[in-house]
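Keep the structure open and try each task before you read its solution.

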Amino acid sequence: MALEIITANRLGDGLVIFLTADGWSARIDEAAVSESKDATAALLARAEADAGLVVGPYEITVEQQPDGSLHPVKYREALRTRGPSVRTDLGYQAA
Amino acid sequence: MYVYDELDRGLVNERVEEFRDQVSRRISGELTEEQFRPLRLMNGLYLQLHAYMLRVAVPYGVLSSTQMRKLARIARVYDRGYGHFTTRQNIQFNWPKLEETPDILAELAEVEMHAIQTSGNCIRNTTADQFAGAAADELEDPRIWCEIIRQWSTFHPEFTFLPRKFKIAVTGAVSDRAAIKVHDIGIVLVQGADGEVGFEIWAGGGLGRTPMIAKKIRDFLPAADLLSYLEAMLRVYNRFGRRDNKYKARIKILVHEIGADAYRDAVEAEWADIRDGALALPEQEISRIREAFTPPAFEVLDTASTAFEARKFEDRGFARWVASNVRRHKVAGYAIANISLKPAGGIPGDATAEQMDAVADYADRWSFGELRVAHEQNLVLPHVRQDDLYDLWLALGSVELDAPNIGTLGDIIACPGMDYCSLATARSIPIAQQISERFADLERLHDIGSVSLNISGCINACGHHHVGNIGILGVDKKGEEFYQVTLGGQADENASIGKIIGPGFASDAIVDAIETIIETYLSVRQDDESFIGTLNRLGQTPFKEALYGTA
């Protein structure tokens, strides 16, 4: 199965975040990776238990690079990890 | 401008405090997202791709310099230093924090602004001709009637949960700059048999996945009957509009399915019951609102200004800007100055906080403190003395707001697309940027002349692609951005829906395709025929052949 991670938006400021082994991170590379349907369901259940902190968690498919970094397969999700393609001074890509 | 009375102020302030309480209850965990989502949407707060987005209503596109400065402040203090003016004459902030939104709304309330009814299945902000109160071809200032509609529709208890959202547009001029025929209800101010001003009423227009041109419902509605008639129209829609299918819930589907005659009959029957009731507008109330829109203290000037003519003669750049961005004013010696938010390669509709502050200053200096937002995502200084245009133009240049391209191929309407919007299926802005770069040469741009090019990043058509002379719709084709092209759309009094020219284009081919269309036009146009004129004369064939060959 393709690799999956869980993403959502943070309640307080709406920014994009990813579920990690022990919480949430703005860095996709720190996301907890699922390799099975069951593992994805378990991660999603954990994410949904954080409904007081995050909005709308859902799973996305990613590819892992040899250096360990994670890249979303869909362009929309890649944009979410970076920020607007037309304003590279904004979003995570600016950091 | 209309100034809030105690009732308006009370309503808006109460709503701010109510939302502040709702936000704190969401953050404390007392409210779930499911419970909170409809509440934040009622206050214009969406969750988009990267962050929250706050859509602030600009009532019928009218802003004072004070309000514009407040928008600049919000961009600077609470957001990332810019705002995006939309195709519904509103402004969107792309990075507000939930926790700070009540403070933003409280600041907006200080200048009589809010985000109420900028989302949800209710009557949205009424839009109008951006030249209202200034246009030379205007019968009467439509803002009077927009304000009356605003007061009637704000928190209207019966129309808070309509089958779907509802948009009304009003024009008081012969040339329709408000795209009234692609609105749920379109209103045109007209003169009755005895010379009195009333309304021509249209219904059932709209874009989105099922684009339709509105049908005329009434030739003449007396002014006093405006609200009772609108109420009857909304009631019939509220009762018979489809709630079983979101995609068939707009009034255009109802009018299309039962027919304009049946819809009209139902409205007239409903209206007969309520016409002389509480909604009949007393002359006194109309006068009260009319007074709020008393024209500013225009000076008595000559129609032609020799200084202005001399400047045009001396400075070609100025002459070009005047030719494309300045329009005739109803008062001698004055002009309407359009401020393009479409620099070549720029993001259509975006303005920085510094630019907003600058145009607020220019409005104070040269336009009685008044500003307008156009649905084409530009700004307008409605009342500028011809003698002041040169200084204004120089000032605009100092903040990179002097693009001389209103109504040209550079003046592209584009929705935020996938760069910001969670509904989008493709990006819009980069296509707009590439096209405006490709046609950045001003000689060429002005030789091409008047042509509208509109881009939407999904079927919902916020970028009005159906009514662009050239329309581009971004779709997702197996994970790749793909662009369909329509030709022949018009948003004015000759409103029409564009037709798909053929198979779509990949993102690296769409700009070339547009250039091919334009080159084809230039090669077959007669004299000073506009793009749409050529297209209407020859049809799609020459364009199709140029794009796809004759096979």
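**Exercise 1: charges over rings**

Find the ring under the charged end of B:R209, then do likewise for B:R365.

Solution. Keep in mind that this is a predicted model. Start at B:R209: its charged end lies over the ring of B:Y247, at 3.8 Å from the ring centre. Then go to B:R365, whose charged end sits over the ring of B:W366, with 4.6 Å to the centre.

**Exercise 2: an aromatic pair in chain B**

Classify the pair B:Y229 and B:W271, and say where its two residues lie.

Solution. A pair of aromatic rings is described by the distance of the centres and the angle of the planes. Over all chains there are 18 aromatic pairs. For B:Y229 and B:W271, the centres are 4.9 Å apart and the planes make 85 degrees, an edge-to-face arrangement. The pair joins distant parts of the chain: B:Y229 belongs to helix α6 (residues 226–240) of chain B and B:W271 to helix α8 (residues 260–274) of chain B, 42 residues apart. Next, check accessibility with the cut-off for buried, under 20% relative accessible area. B:Y229 has 0% relative accessibility, so it counts as buried. B:W271 has 3%, so it counts as buried.

**Exercise 3: a second pair**

Are the rings of B:F505 and B:Y548 stacked or edge-to-face, and is each residue buried or partly exposed?

Solution. The ring centres of B:F505 and B:Y548 are 5.8 Å apart; their planes meet at 15 degrees, so the pair is stacked. This pair, too, links distant parts of the chain: B:F505 is in strand β21 (residues 505–506) of chain B, while B:Y548 is in helix α18 (residues 541–548) of chain B, 43 residues apart. At 13% relative accessibility B:F505 counts as buried, whereas B:Y548, at 29%, counts as partly exposed.

To finish with chain B, look up the one aromatic cluster formed by B:F308, B:F318, B:W321, B:Y390 and B:W393.

**Exercise 4: the build of chain A**

Solution. Now compare sizes. Finally, 47% of the 95 residues of chain A count as buried.

Technical notes
Residues are numbered from 1 along each chain as its sequence is written. Chains are lettered from A and ligands numbered from 1 in the order in which they are written. This is a predicted model: local features need pLDDT of at least 70, side-chain atom pairs count only at pLDDT 80 or more; totals for chains, interfaces and linings use all residues. Side-chain values use heavy atoms; hydrogens and water are left out. Rings of Phe, Tyr and Trp (its six-membered ring) pair if their centres lie within 6.5 Å; planes under 30 degrees apart count as stacked, over 60 as edge-to-face and the rest as tilted. Helices (H or I, at least four residues) and strands (E, at least two) are DSSP runs, numbered from the N terminus. Buried means under 20% relative accessible area, exposed over 50%, partly exposed in between (1.4 Å probe, protein chains only). A charge sits over a ring if NZ of Lys or CZ of Arg is within 6 Å of the ring centre and within 35 degrees of the ring normal.
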